Amino acid sequence: MSQISNAKASTLAPVAPTPPLASAGANWRGSLEAVLIPIGAIIVALLLFGVFCFSQGANAGGVFGAIYKAAFGSWYSFQNTLVRAAPLMLTALCTALPARLGLVMIGNEGALVAGGLAATAAGLAVQAAPPVVVWTVMMLAGMVGGGLWITIVGLLYYKRGVNETISSLLMNYIAIALLNHLVNGPMRDPASLNKPSSYPIPDQKMLPVLWSSNVHYGLIFGIIACVIAWVLMEHTTFGFKIRMIGGNVRAAKMAGLAVSRLGLITCFLGGAAAGIAGMVEVAAVHGRANESLAAGYGYAGILVAFIARHRGLPIILVSTLLGGLLASGGILQRQFKMPDATILVFEGLVFLVVLFSDSLYGKFKIFKEGGA
Amino acid sequence: MKINRRIFLTAAAALTALQVTSLYAADKVTMGFIYVGPKDDYGYNQAHAEGCAGVQKLSWVKGVEEASVAETTAVQETMRNMINLDGAQVIFPTSFGYFDPHILKVAKQYPKVQFLHCGGMYTEGKHPANVGSYFGYIDEAVYVSGVVAGHATKSGKLGFIAAKPIPQVLRNINAFTLGARSANPKATVQVIFTGDWSMPVKEAEAATSLINQGVDVLTCHVDSPKVILETAERRGIYVCGYHADGSKLAPKGYLTGGEWNWSKVYTDYAEKVKAGKSLMAGTIPHLVRGGLKEGFVKCSNYGPAVDESAKKDAEAAKAKFMDGTMVIFKGPLKDNAGKEIIPSGKEYKQQDLELESMGWLVEGVLGSTKS
């Protein structure tokens, strides 16, 4: 089975309840709980994966060693991890920000594609301008494209009561169909015969790599976006309002908050982050829009957001971790001759265990005020 | 504590093993193969994986493989890993979409490594000297499938399930139709485009709906013909395979099929590399193409349902391909809207560039390139 269809399947998994409304730092035991439970979950998933490796006749210790080496073992392999992590940071925000409102948004892939398409169109329109202008215009177009895409989902939810999870999932298919239509028709470069694509962004207008490594600017954008998201959600009155809506919509309405307006803004911001991911794919990797834009980063982003419990800073860490796991998938095939789906089994185990671990919050006395 | 120590030791051992392999690479030819899907898809990727298995029969070839590698930075990473960690001297990234920008980018970074891409996109002067491409004229084998299908059909209705209306796919649809109509001039081929390379659900739906409309021979051009072969067999109709041998999935209804013969192509390359030849020195040609005659493609063995007259016509067509006298696309030829596309007396040979940008469907095909 392909990676994408697997990722799609995982989105059908039961969804965890909205995280409790905890003000950060108020209770160190609570913070400790928020750190230790996900770490514990990942360790359990590692052990289960060890059992899987054993059942496949591979030495689990050797596999873990190889994963570590291929993901974090040297600067060379860490670059691979960072390249993989960059789009995940951005797409994760598309689930994480609306999650604070109590919405389960899984339209990340669609927002990425919409952002990538908008960025391509805008970039091609201003391709004669200096690079910095091209990048700025592409970035803004990507944000608007992705942002509006998720805002549509928000509008359907707030104005018409349409379930946001279903509609955002379906919007992914619409975005991909739109992409295929545009690159086969109006945006098609006639020279792209057997892989229909848009006209290319000129080489010298592409986003460069960082410090002559293989890592591109997407990483910087990802980290900045996550930090902004964290500050916005945890340390501003806007974030407090959003968390209040997520905690209790009625109470928020009673307090006079403009629930749907705040909700739509948050949807826009989430979509905009995924839109940047699409812009980076076009401006730093592919140089044009084509079917390769829908590579499954959006679906992987959902996983990241849930593991990071929808918090900005943990998203950076979790993306790096997951990026490392994905980057090490190859060595399992090349060195251990394990099937190509092995790394997806690992990803699936992590997702299930993390979802399950959500039910453990508040179950341990030790994390409670005055607990033993 | 115990586990930690074990991990540390095995990691250290793995590290040493890696260093040892890169030393070995000097007297062996290490070839890296990258596939976009799984190795056992009964289709495009399996055909290449069989090619890799074939070339590894040479004792001095070491093959490293990675399957299900997306057409993103993932494939750049895999190419670099194969070069840096496995010591690959030649890389075969087999999916069409790997070429631009991924192969081009990595090839510039590693000018001493040779990159051979399946698809024939190399342009001299535009692309790096260490890049080359190879492809097979599989429409020849598909034409032979068409001949057999034309004999097998009772309803005169054939079905073709295709991924996208791009030149490579249209060429196969047209070759299949021309083959079928050479045996049965009234035969029609209903085509359905699914829109993407791997859409098992849509492919099954398309197969079912074609069979319900009276189609009694199916074939396809998608990455994995698996569900189409299985659906045809279950419904008791005939089917022609594509990419790899699918007779196991349809033991009763399998007629024949167009298959790639990458073992031969990869073995040729391995021998050239061992002899010290290279793309950079110009001793390995940058563009390599071939059909049945050159052994790049082959036809599956006939299934039990193929009768003697079909075999006779199919063998005759094959023989003409083998001696080079066969031309699939020649005038007078009309498209399925009645417009003349090749005037009488004009012939397009397999290597003619006009065929590479094919945008039409020949008379006898029911369907449109506008999906």
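**Close-ups of a two-chain model**

**View 1. Where chain A meets chain B.** In this predicted model, 29 residues of chain A are in contact with 32 residues of chain B (contact means that the C-beta atoms of two residues, placed from the backbone, lie within 7 Å). On the chain A side, the elements giving two or more residues are helix H3 (60-72), helix H4 (75-99), helix H11 (259-286) and helix H14 (329-334). Helices (H or I, at least four residues) and strands (E, at least two) are DSSP runs, numbered from the N terminus. H3(A) gives the most to this side, with seven residues. Sorted by class, the chain A side has ten nonpolar, 15 polar and four charged residues; Ala, Val, Leu, Ile, Met, Phe, Trp, Tyr, Cys and Pro count as nonpolar, Asp, Glu, Lys and Arg as charged, and the others, Gly among them, as polar.

Some housekeeping: residues are numbered from 1 along each chain as its sequence is written, while chains are lettered from A and ligands numbered from 1 in the order in which they are written. As this is a predicted model, local features need pLDDT of at least 70 and side-chain atom pairs count only at pLDDT 80 or more, but totals for chains, interfaces and linings use all residues.

**View 2. H12 crossing H13 in chain A.** The axes of helix H12 (residues 297-307) and helix H13 (residues 312-327) of chain A come within 9 Å and cross at roughly 130° (axes are lines fitted to C-alpha atoms, for helices over the stretch in contact, and angles run from 0 to 180 degrees between N-to-C directions). That makes H12(A) oblique to H13(A); angles under 35 degrees count as roughly parallel, over 145 as roughly antiparallel, 65 to 115 as roughly perpendicular and the rest as oblique. Ala300(A), Leu303(A), Val304(A), Ala305(A) and Ile307(A) of H12(A) meet Ile315(A), Val318(A), Ser319(A) and Leu322(A) of H13(A). By class, this contact has eight nonpolar residues, one polar and no charged.
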